[in-house]
Amino acid sequence: MNFKYDVVVIGAGHAGCEAAAAAANMGSKTCLLTMDMNKIGQMSCNPAVGGIAKGQIVREVDALGGYMGLIADKTALQFRMLNRSKGPAMWSPRAQCDRGKYIWAWREVLDSIDNLSIWQDVATELLVEDGRATGVRTQLGVTFHAQCVVLTAGTFLNGLLHFGAVQIPGGRVAEPAVYQLTESITKHGIQQARMKTGTPVRIDKRSVDFSQMDIQEGENDFHRFSYISTPRKLKQLCCWTCFTNDACHEILRQALPYSPLYNGQIQSIGPRYCPSIETKIVTFPDKEQHQLFLEPEGETSNELYLNGFSSSLPIDIQLQALKEIPAFRNLRVYRPGYAIEYDFFDPTQLHHSLESKVIRNLFLAGQVNGTTGYEEAAGQGIIAGINAHINCEGGEPFTLGRDEAYIGVLIDDLVTKGVDEPYRMFTSRAEYRILLRQDDADARLTEKAYNIGLAKRNRYDIFRKKTEDIERILEFCKGYSIKADKINGVLENMGTTPLQHGTKLMELLERPQLSLEGLAPHIKALNELLQCIDVRKEEVTEAAEIQIKYSGYIKRERIMAEKMKRLENIHIRGHFDYSSIQSLSTEARQKLQKIDPETLAQAQRIPGVSPSDINVLLVLMKR
């Protein structure tokens, strides 16, 4: 075999799969290294895709030409649109998936890509010459030569599992850790630290008393992750909910001296927003109960995932505490929860393209950058894969702004602010979230992806058709006049104020009680227009309606984003020796020197850099 490639991707998790697929689909000869070809795209924790803000990232990956959304739709067991009681900026798709089918769907996709090879092995050394990544050496003694290397090793770098006092080296349960690779990277000056995450117990469905739980049904409407996927085909299943109680909490409290999190056994940083059950009872001592979600692992499997009960306590303690919950009196489990510690690298040492500032042609994506979550990993992976290909072929880096994508917010936060805990995306992290809705990800990103050669023609044509249909609806609503005497009876029946005089349909639809579908039976021309939409009618109608109802908010936020772009256009990298500018605060000098921001807008987002520091730089730029 010829082990020379354009791009080598280390790790076949969500970041690695998207990176390898993107680079290969753009034309780079690519190899994906994984220690187990049967675990490609493995969901290490919850068998679910999406969630609040995470679902928007999946839609963005799909709009760029990635595969996570397509595969999630294909293997979905339950789909829900979260936050429907709030405005559309907050709507977030989420799906429970069949864990096994998800893995094999990814394998089928990767096997179908012409430029992509897969090699089962463990990378143990990054090869670097003259400050440039040139390849990888593996455990089997194979040397891969490459123009670019993408590192997406997840939790495997010097990974250590904690089951109470029992410590087992590993990247996941029953899978070995990766040694030597971290050290081969840090010797070149890249900074490394440790993080911790965890996962809950897996439960045998046959031992659960479901009469003691509440059913949580899914939604089986038109919503999906990918705007080009077909309707869901797997049997749609329910989830269940229940609560912990005082007896359960008391067992956990008494066992805290045996918890690796509280007895000093684990020293690294854990996730604030997905805490273990022992952290919950310590952080919220007055809370009498915590909600738990029991979720299916597969269409035909008896294995269930207990969301909300992540723990690294000893096995017997976990079982004792759970058996105090009525639904789990006769509990049997497949395996207990555990914690894992692993290496990550300081993301402020990356460019926005996710290329290392220290080692050229080395890209990092996923948990090695201090993030947590499949979706955050996939978003980074597709950007790293795109830019690895661009580095091979030549061209400008492909980056996304904070007003263009949640992926842009994610990467900018990592590169600009760094991390002091595992980073998880939330809608609150995006200052322009009304522009970054889940319904318009394709409108924001598909043309960009098509122009760089990632999104293919069939995807682009579907996107253009959808865009044209939305525009037809908007133009019709702007121009169509409604007479008061013809519509007032309908308005009264719909619980909204009658008209005093005629108006345009666009203005009428701004009312929250009214919808295109609701008015169509009463407005013949509108009904005929909607009937002409033959592809994804419901999605098109919803997208148009959102633009109508929230047009004022969208315009205002766009103006704010354009103002901020003026600072994005002021490039400052290479212009200053920050350590010598005494008019800057000490903290600002230190942070600016370390991060070396590309633009004034990025400098403004660095914690510790004040508005007065930005004014100093503006004055110096004018000089």
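Begin by selecting helix H1 (residues 14-25) together with helix H9 (residues 374-393): their axes come within 7 Å and cross at roughly 30 degrees. Here the axes are lines fitted to C-alpha atoms, for helices over the stretch in contact, and angles run from 0 to 180 degrees between N-to-C directions. The angle makes H1 roughly parallel to H9, a label given to angles under 35 degrees, with over 145 counted as roughly antiparallel, 65 to 115 as roughly perpendicular and the rest as oblique. The crossing of H1 and H9 is right-handed, meaning that the near helix is turned clockwise from the far one by less than a right angle.

The model is predicted, so local features need pLDDT of at least 70 and side-chain atom pairs count only at pLDDT 80 or more, while totals for chains, interfaces and linings use all residues. Residues are numbered from 1 along each chain as its sequence is written, and side-chain values use heavy atoms, with hydrogens and water left out. Helices (H or I, at least four residues) and strands (E, at least two) are DSSP runs, numbered from the N terminus.

Remain with the two helices and display side chains. On the H1 side, the residues that meet H9 are His14, Ala15, Glu18, Ala19, Ala22 and Ala23. Their counterparts in H9 include Tyr374, Gly381, Ile382 and His389.

Next, select strand S9 (residues 143-151). It pairs with strand S1 (residues 4-10) in the parallel sense over six bridges; two strands pair if DSSP finds at least two bridges between them. In this pair, Val9 stands opposite Val150 in S9. Strand S8 (residues 132-138) also pairs with S9, in the antiparallel sense and over three bridges, and Gly135 has His145 of S9 as its bridge partner. Four residues lie between the strands in the hairpin of S8 and S9, where Gly141 takes a positive phi near 85 degrees. Strand S19 (residues 362-364) runs parallel to S9 and is joined to S9 by three bridges; look there for Leu151 opposite Leu364.

Move on to the open sheet of three strands, ordered S3-S5-S4 with antiparallel pairing. Strand S3 (48-50) and strand S4 (76-82) stand at the edges, each with a single partner strand, so one side of each has no neighbour in the sheet. From one strand to the next, the twist averages 15 degrees. Six bridges join S4 to strand S5 (residues 92-97), and Ala76 can be found opposite Cys97 in S5.

Now select Ile103 in helix H4 (residues 99-111). Is Ile103 buried or exposed? Ile103 counts as buried, at 7% relative accessibility; buried means under 20% relative accessible area, exposed over 50% and partly exposed in between, with a 1.4 Å probe and protein chains only. Beyond neighbours within four places in sequence, Ile103 is in contact (heavy atoms within 4.5 Å) with Asn38, Lys39, Ile40, Gly41 and Gln42.

Finish at Ser184 in helix H5 (residues 181-186). Ser184 counts as buried, at 5% relative accessibility. A polar atom of the Ser184 side chain lies 2.8 Å from the backbone oxygen of Leu181. Apart from neighbours within four places in sequence, Ser184 is in contact with Thr124, Glu125 and Leu126.

Key:
A polar contact is a pair of N or O atoms within 3.5 Å; within protein, one must be able to donate a hydrogen and the other to accept it, and residues adjacent in sequence count only if both atoms are side-chain atoms.
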